[in-house]
Amino acid sequence: MNATPPDKQAALDSAVADALALIDQATDAQAIRAAVNAATGKKGPLAAVKAGLGKVPDLDARKALGQAVNEAIARVEQAAHGRESVVKRAAFAGSIEADREDMSELALRTSARRGRMHLVTQATERLEDVFVGLGFRIAEGPEVETDFHNFEALNMPPSHPARSMWDTLFVDQDPQGSVVLRTHTSPVQIRVMQEWPPPIYAVMPGRVFRKETPDATHMPVFHQIEGLVVDRNITFADLAGTIESFTKAFFGESFTSRLRPSYFPFTEPSAEFDIRRPDGSWIELGGCGMVHPRVLAAAGLDPEEWSGFAFGFGIDRMAKERHGVEDIREMYSNDVRFTEQFS
Ligand code: FA5
């Protein structure tokens with residue numbers, strides 16, 4: 001069998017090499033097909049060799065050359081197929097990358113961004129738990145109060161000097177001065193006594209308002225929890241015992257309490273309630289005392305039959321003490337990084 005003439009074989013080899021180089025560089029199916037067509041198409045080098053077949057006189061030589069041309073075409077096609085599958089896989093991988101959804105923000109929102117209750121809410125709920133454990137019921141009253149409940153029924157008639165103990169915010173409503181933003185939770189004592197028949201064991205948490213400049217221990221809007229006990233034969237010892245039990249339950253066994261003589265128009269005798277921290281320092285948390293007979297009478301109870309004690313603690317100050325927060329204003333900075341420190 002005659003071999004392909006060397007010059008023809010060289011032309012075929014160089015045409016195939018050119019085609020393979022183009023195919024190798026192609027990055028999409030279109031470019032691959034273009035490279036194939038350039039080599040095998042009608043005007044391509046392989047077609048030119050093929051066209052010369054008729055001029056080969058020897059039959060065997062013609063056959064051999066025809067076979068060589070077919071082999072050259074097959075090599076180009078094979079290379080094209082191989083390259084096509086590589087390009088296809090790359091395109092698929094690229095489309096997956098392009099379609100990828102960034103879920104990282106979603107993950108952040110569902111885990112790290114889970115909310116926590118505000119320190120004051122946490123403290124209020126804990127206080128309620130402690131007092132419910134001691135046998136108290138929970139009551140609430142309005143934040144916008146009448147002068148009667150906020151002052152008068154609490155033994156502070158109009159122009160009583162003790163009214164100036166609270167820097168009052170008035171509601172602009174006629175008759176002027178008759179409606180206030182409650183300055184303390186003590187008016188809820190009156191409402192509870194008016195509604196519930198004694199014996200009464202109640203705590204009344206809520207928001208209160210005073211015209212005050214914020215500083216490390218004061219806010220113009222803050223929270224108190226009022227306590228009221230009305231029963232027969234209630235003494236100051238009951239008050240002191242309740243406050244000590246509460247101190248240990250809320251702050252822990254390493255804290256103790258003391259009562260310092262003080263003055264409130266609605267209690268007699270009255271006291272200030274301080275707690276002693278484990279480091280020996282004292283901090284004032286609230287006022288307390290035996291319910292004044294005039295207050296019992298104003299709420300419709302007979303002071304000869306009933307006696308009681310009351311207290312009012314600052315919840316924000318308690319939360320501050322319990323968590324060692326330096327400045328009460330930090331609790332209202334609305335900075336999540338602050339709140340997240342407390343679970
Ligand atoms: C009263 O408001 C009385 N009603 C308490 C009371 C109730 C006495 C029942 C007797 C019987 P006082 O103004 O001292 O008292 O406030 C009580 C507590 O609220 C304070 O000890 C303090 O812990 C807290 N407090 C007062 N003013 C502020 C303020 N501006 N910001 C944060 N906490 C405050």
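Is V120 buried or exposed? In this predicted model, V120 counts as buried, because its relative accessibility is 4%, and buried means under 20% relative accessible area. The legends below start with this residue and then visit other parts of the structure.

**Figure 1. V120 and the residues it touches.** V120 is found in helix α6. Setting aside residues up to four places away in sequence, V120 touches H223, I315, D316, M331 and Y332. Look for Y332 in this view: V120 and Y332 are 212 residues apart in sequence, yet their C-alpha atoms are 9.7 Å apart in space.

**Figure 2. The two domains of the chain.** Let us step back for a moment. The protein chain is divided into domain 1, residues 6-99, and domain 2, residues 119-339. The C-alpha centres of these two domains lie 94 Å apart.

**Figure 3. Helix α4 and its buried residues.** Helix α4 covers residues 59-99, which makes 41 residues. From its first C-alpha to its last, α4 reaches 59 Å, close to the 60 Å expected at 1.5 Å a residue. The buried residues of α4 include A61, A64, L65, A68, V69 and A72. Further along the list come V76, A80, R83, E84 and V87. As you follow these numbers, keep one rule of helices in mind: an α-helix has 3.6 residues a turn, so residues three or four places apart point the same way. What do the buried residues of α4 pack against? Their partners are α1 (6-25), α2 (29-40) and α3 (45-51).

**Figure 4. The largest nonpolar core.** This core holds 38 residues. Which of them touch the most other members? They are F131, F246, F273, F313 and M318. The elements that give two or more residues to the core are the helices α6 (119-133), α9 (236-251) and α11 (315-323), along with the strands β5 (200-209), β6 (221-231), β8, β9 (282-291) and β10. Helix α6 gives the most, with six residues. A second, separate core has 26 residues, among them A162, M204, F264 and V295.

**Figure 5. A close look at F131.** Here we zoom in on one member of the largest core. Leaving aside neighbours within four places in sequence, F131 is in contact with F136, V203, I225, F246, F311 and F313.

**Figure 6. The pairing of F273 and F313.** How many aromatic pairs are there? The count comes to 14. In the pair shown here, the ring centres of F273 and F313 are 4.6 Å apart and the planes meet at 40°, so the pair is tilted. This pair links distant parts of the chain, 40 residues apart: F273 belongs to strand β8 (residues 267-276) and F313 to strand β10 (residues 307-314). Both residues are buried.

Figure 7. The charged end of R126 sits over the ring of F250, 5.2 Å from its centre. R322 also lies over the face of F250, at 5.4 Å from the ring centre.

**Figure 8. Two cis peptide bonds.** A cis bond joins D174 and P175, with omega about -10°. P175 is found in the loop between β3 (169-170) and β4 (179-181). Another cis bond runs from E268 to P269, with omega near -5°. P269 lies in strand β8.

**Figure 9. Positive phi at S159 and N233.** S159 is not a glycine, yet its phi is positive, near 60°. This residue lies in the loop between α7 and β3. S159 is exposed, with a relative accessible area of 70%. N233 has a positive phi of about 60° and is not a glycine either. Its place is the loop between β6 and α9. N233 is exposed too, with a relative accessible area of 69%.

Notes
Residues numbered from 1 in each chain as written. Predicted model: local features only at pLDDT ≥ 70, side-chain atom pairs only at ≥ 80, totals over all residues. Heavy atoms only, no water. Phe/Tyr/Trp six-rings, centres within 6.5 Å; stacked < 30°, edge-to-face > 60°. Helix = DSSP H or I, 4+ residues; strand = E, 2+ residues; numbered from the N terminus. Buried < 20%, exposed > 50% of the residue type's maximum accessible area, 1.4 Å probe, protein only. Lys NZ or Arg CZ within 6 Å of the ring centre and 35° of its normal. Domains from an automatic or database assignment. Core = buried A, V, L, I, M, F, W, Y, C linked by side-chain atoms within 4.5 Å. Contact = heavy atoms within 4.5 Å. Expected span 1.5 Å × (residues − 1).
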